[in-house]
Amino acid sequence: MAVPDKLKLNPDRAYVDKLRAAMKANGGYCPCRLRKTPENRCICREFRDQLADPAFSGYCHCQLYYKEKEK
């Protein structure tokens with residue numbers, strides 16, 4: 001999965017590999033979420049909404065991606 005320009009992957013490569021393997025086994029859905037709904041498919045709706053906020057900076061729910069506040 002390609003990472004948009006304004007996002008960075010978690011710097012812990014072992015964590016990223018483990019999480020991506022879990023997502024692959026889970027059909028692309030966030031392993032941190034209980035329900036398999038379109039809103040929980042990576043990149044989840046919660047984080048897409050946060051990406052739209054120029055004042056937001058932080059990790060997504062599962063801590064795979066980090067968004068820096070826009071300047």
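Start by selecting residues 65-67, which make up strand E3, together with E1: the two strands run antiparallel and are joined by three bridges. Strands here are DSSP runs of E covering at least two residues, numbered from the N terminus, and two strands pair if DSSP finds at least two bridges between them. What stands opposite Lys-67 of E3? Select Leu-7 to see the residue facing Lys-67.

Now show the whole sheet. It is open, has three strands in the order E1-E3-E2, and its pairing is antiparallel. Colour residues 7-9 for strand E1 and 58-59 for strand E2: these are the edge strands, each pairing on one side only.

A note on the model: it is predicted, with local features needing pLDDT of at least 70 and side-chain atom pairs counting only at pLDDT 80 or more, while totals for chains, interfaces and linings use all residues. Residues are numbered from 1 along each chain as its sequence is written, and side-chain values use heavy atoms, leaving out hydrogens and water.

Next, the aromatic rings. Rings of Phe, Tyr and Trp (its six-membered ring) pair if their centres lie within 6.5 Å; planes under 30 degrees apart count as stacked, over 60 as edge-to-face and the rest as tilted. The count by this rule is two aromatic pairs. Select Phe-47 and Phe-56: their ring centres are 6.1 Å apart and their planes meet at 80 degrees, so this pair is edge-to-face. Are these two residues buried or exposed? Phe-47 is buried at 1% relative accessibility, and Phe-56 is buried at 16%. Buried means under 20% relative accessible area, exposed over 50%, and partly exposed in between (1.4 Å probe, protein chains only).

Move to Tyr-59 and Tyr-66, an edge-to-face pair with 4.9 Å from centre to centre and 65 degrees between the planes. Tyr-59 is partly exposed, at 35% relative accessible area, and Tyr-66 is partly exposed at 25%.

Then select Tyr-29 and Arg-41. Arg-41 lies over the face of the Tyr-29 ring, 5.1 Å from its centre. A charge sits over a ring if NZ of Lys or CZ of Arg is within 6 Å of the ring centre and within 35 degrees of the ring normal.

Finish with the cysteines. How many disulfides does the structure hold? It holds zero disulfides, a disulfide being a pair of cysteine sulfur atoms within 2.5 Å. Cys-32 is in no disulfide, and its nearest cysteine sulfur, that of Cys-30, is 3.8 Å away. Cys-32 is partly exposed, at 38% relative accessible area. For Cys-42, the closest cysteine sulfur is in Cys-62, 5.8 Å away, which is too far for a bond.

Note on methods:
Helix = DSSP H or I, 4+ residues; strand = E, 2+ residues; numbered from the N terminus.
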